[in-house]
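Work through the exercises below with the model open beside you. Try each task before you read its solution.

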There are 2 protein chains.
Amino acid sequence: MAAQLAEATTDPACRVLGLRERKKRRTRDSLVEAAHRLFLVHGYGRTTVDEIAAAVDVSQRTFFRYFENKEQVALAVMADAEGFFIECLRRRPAEEEPLTAMRAAITESWRSLGSVEHAGPGSVTAALELLELIESTPTLLAAHLRHTAEQERQIAAILAEREGLDPATDLRPRLLAAVFGAVVRLSHLSWTTDAAAHQVGPDGMIATLERHFDQLGPALSGSWRP
Amino acid sequence: MAAQLAEATTDPACRVLGLRERKKRRTRDSLVEAAHRLFLVHGYGRTTVDEIAAAVDVSQRTFFRYFENKEQVALAVMADAEGFFIECLRRRPAEEEPLTAMRAAITESWRSLGSVEHAGPGSVTAALELLELIESTPTLLAAHLRHTAEQERQIAAILAEREGLDPATDLRPRLLAAVFGAVVRLSHLSWTTDAAAHQVGPDGMIATLERHFDQLGPALSGSWRP
DNA sequence: GACATTATGGCAGTCGCTGACATTCGGCAA
DNA sequence: TTGCCGAATGTCAGCGACTGCCATAATGTC
């Protein structure tokens with residue numbers, strides 16, 4: 001049924017997996033790719049799940065076995081990226097201060113995204129398109145924000161563990177995680193808005209993030225007027 | 001929060017309004033009230049729009065003329081409250097520092113909510129129930145977060161105007177608004193979680209907000225370890 | 001009281017999503 | 001190879017959210 005385009009079979013890890021697992025992975029990837037393509041061309045709201053499923057030659061029912069809902073197929077790549085960020089954060093040396101570790105981790109994530117050569121989903125340009133799609137689609141933005149909120153809890157837990165604090169008692173981990181999330185979101189927004197700032201590769205995004213982080217202190221410090 | 005709609009019929013301003021307007025307002029209020037009641041009893045997901053409409057004796061079609069979607073009827077009270085907060089913020093003296101003004105405005109909002117005696121929608125206990133409902137319902141949480149994000153843009157604009165800055169250039173207003181939003185959300189979360197902290201009236205909420213605001217500086221300041 | 005305006009109801013239809021059941025396919029052993 | 005088991009998929013029926021369309025009823029105006 002799925003005589004797919006994806007080159008997932010070249011992935012060395014897949015040689016170990018059975019045919020069944022490989023096939024599942026391929027159809028999942030194909031669904032994500034087809035969905036993104038259709039969303040970008042026709043818009044999220046004007047693309048039906050049936051169309052996505054048909055593009056991969058799969059029944060609608062099967063689509064909903066891979067993704068809980070229509071939003072998830074759009075946010076799947078984003079979710080992977082966030083998972084990667086979490087890993088980066090966990091690997092940060094324990095002596096780093098919390099905010100420093102998070103800044104370093106997110107920079108690292110974007111840089112590694114830039115090192116992937118192929119232009120498929122997961123490239124920097126694809127990331128930009130995805131962020132623009134999310135920001136311009138109320139439903140997607142809502143789902144994305146909810147997912148972000150969930151992720152901030154994970155981050156808070158990691159921070160608390162790093163510093164040996166009880167996240168239920170100490171408000172600081174959750175606060176810092178939430179502030180971090182806010183900064184990242186505003187950076188995404190800036191990046192998608194200032195179309196001029198798009199350098200190739202991840203450098204544009206990293207620069208935007210740095211600018212926002214650098215303004216965080218000034219923003220919170222009392223008066224803004226000289 | 002909002003000087004409520006519940007007493008809309010006794011509101012002197014309504015005497016001027018025609019019968020048509022008064023009637024519309026009444027059915028709208030009835031829909032909100034019925035929806036909240038049903039949501040709290042049966043849960044959001046197990047309450048159908050048909051049931052809400054039937055409870056007020058209107059057709060489903062009419063429901064969707066008052067509210068864009070099912071989420072909006074749940075978040076309507078919240079939206080009013082946020083509008084009231086915006087007014088409070090606008091009325092703050094210009095010499096106050098931005099963060100100070102926002103803290104004062106939100107405290108003021110909650111205090112005015114506490115001054116409303118009746119137990120209808122808009123009371124403090126109703127606010128708590130609503131926040132719990134939102135936090136425990138993924139769909140509602142998503143919609144609420146999106147609405148919050150939109151509101152942060154308004155706040156940023158107000159801050160920029162107060163300080164005479166260009167919100168397109170200066171990142172600080174948007175950053176501070178986003179941080180403020182994050183603090184408020186975490187406070188709501190704390191409040192709904194620690195059921196113990198619920199004093200009658202708005203004091204419990206205000207105290208929770210103060211605790212979070214007070215920890216904001218420590219959370220952002222470098223190392224947490226003594 | 002006649003007329004324009006506006007709110008409402010009813011209906012048909014689309015789309016997202018789910019449960020139930022039958023069918024097919026991959027993995028594994030005889 | 002053969003045959004079996006369990007997993008993946010397809011099909012179908014159905015619910016609920018939401019919308020467009022047109023008819024009808026209520027309201028405001030002259």
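Helices (H or I, at least four residues) and strands (E, at least two) are DSSP runs, numbered from the N terminus. This is a predicted model: local features need pLDDT of at least 70, side-chain atom pairs count only at pLDDT 80 or more, and totals for chains, interfaces and linings use all residues. Residues are numbered from 1 along each chain as its sequence is written, while chains are lettered from A and ligands numbered from 1 in the order in which they are written.

**Exercise 1.** Find the span that UniProt labels "DNA-binding region" in chain A, and describe its make-up.

Step 1. The UniProt record, an unreviewed entry, puts this feature at residues 48–67 of chain A. UniProt positions follow the numbering used here, feature names are shortened, and annotations may be inferred rather than shown by experiment.
Step 2. Residues 48–67 of chain A are 75% helix and 0% strand.

**Exercise 2.** Classify Asp57 in each chain: is A:Asp57 buried, partly exposed or exposed, and what about B:Asp57?

Step 1. Place the residues. A:Asp57 sits in the loop between α3 (49–56) and α4 (60–66) of chain A. B:Asp57 is in the loop between α3 (49–56) and α4 (60–66) of chain B.
Step 2. Check the backbone. A:Asp57 is not a glycine, yet its phi is positive, about 65 degrees. For B:Asp57, also not a glycine, phi is positive at about 65 degrees.
Step 3. Apply the cut-offs. A residue is buried if 20 or more other C-beta atoms lie within 10 Å of its own, exposed if 12 or fewer, and partly exposed in between, with C-beta atoms placed from the backbone.
Step 4. A:Asp57 has 14 C-beta neighbours inside 10 Å, so A:Asp57 is partly exposed. B:Asp57 has 10 C-beta neighbours inside 10 Å, so B:Asp57 is exposed.

**Exercise 3.** Describe how α2 and α5 of chain A pack.

Step 1. Two packed helices are described by the angle between their axes and the distance between the axes. Axes are lines fitted to C-alpha atoms, for helices over the stretch in contact, and angles run from 0 to 180 degrees between N-to-C directions.
Step 2. The axes of α2 (residues 19–42) and α5 (residues 70–91) of chain A come within 9 Å and cross at roughly 110 degrees.
Step 3. Therefore α2(A) is roughly perpendicular to α5(A). Angles under 35 degrees count as roughly parallel, over 145 as roughly antiparallel, 65 to 115 as roughly perpendicular and the rest as oblique.
Step 4. From α2(A), the contact uses A:Leu31, A:Val32, A:Ala35 and A:Phe39; from α5(A), A:Val73, A:Ala74, A:Ala76 and A:Val77. Two residues are in contact if their C-beta atoms, placed from the backbone, lie within 7 Å.
Step 5. The contact of α2(A) with α5(A) has eight nonpolar, no polar and no charged residues. Ala, Val, Leu, Ile, Met, Phe, Trp, Tyr, Cys and Pro count as nonpolar, Asp, Glu, Lys and Arg as charged, and the others, Gly among them, as polar.

**Exercise 4.** What relates chain B to chain A, and how many residues of chain B are in contact with chain A?

Step 1. A rotation of 180 degrees, with 0.0 Å of shift along its axis, superposes chain B on chain A (RMSD 0.1 Å). This is the relation of a two-fold axis. Copies are superposed by least squares on the C-alpha atoms of residues with pLDDT of at least 70 in both.
Step 2. In chain B, 34 residues are in contact with 34 residues of chain A. α9(B) gives the largest share of this side of chain B, ten residues.
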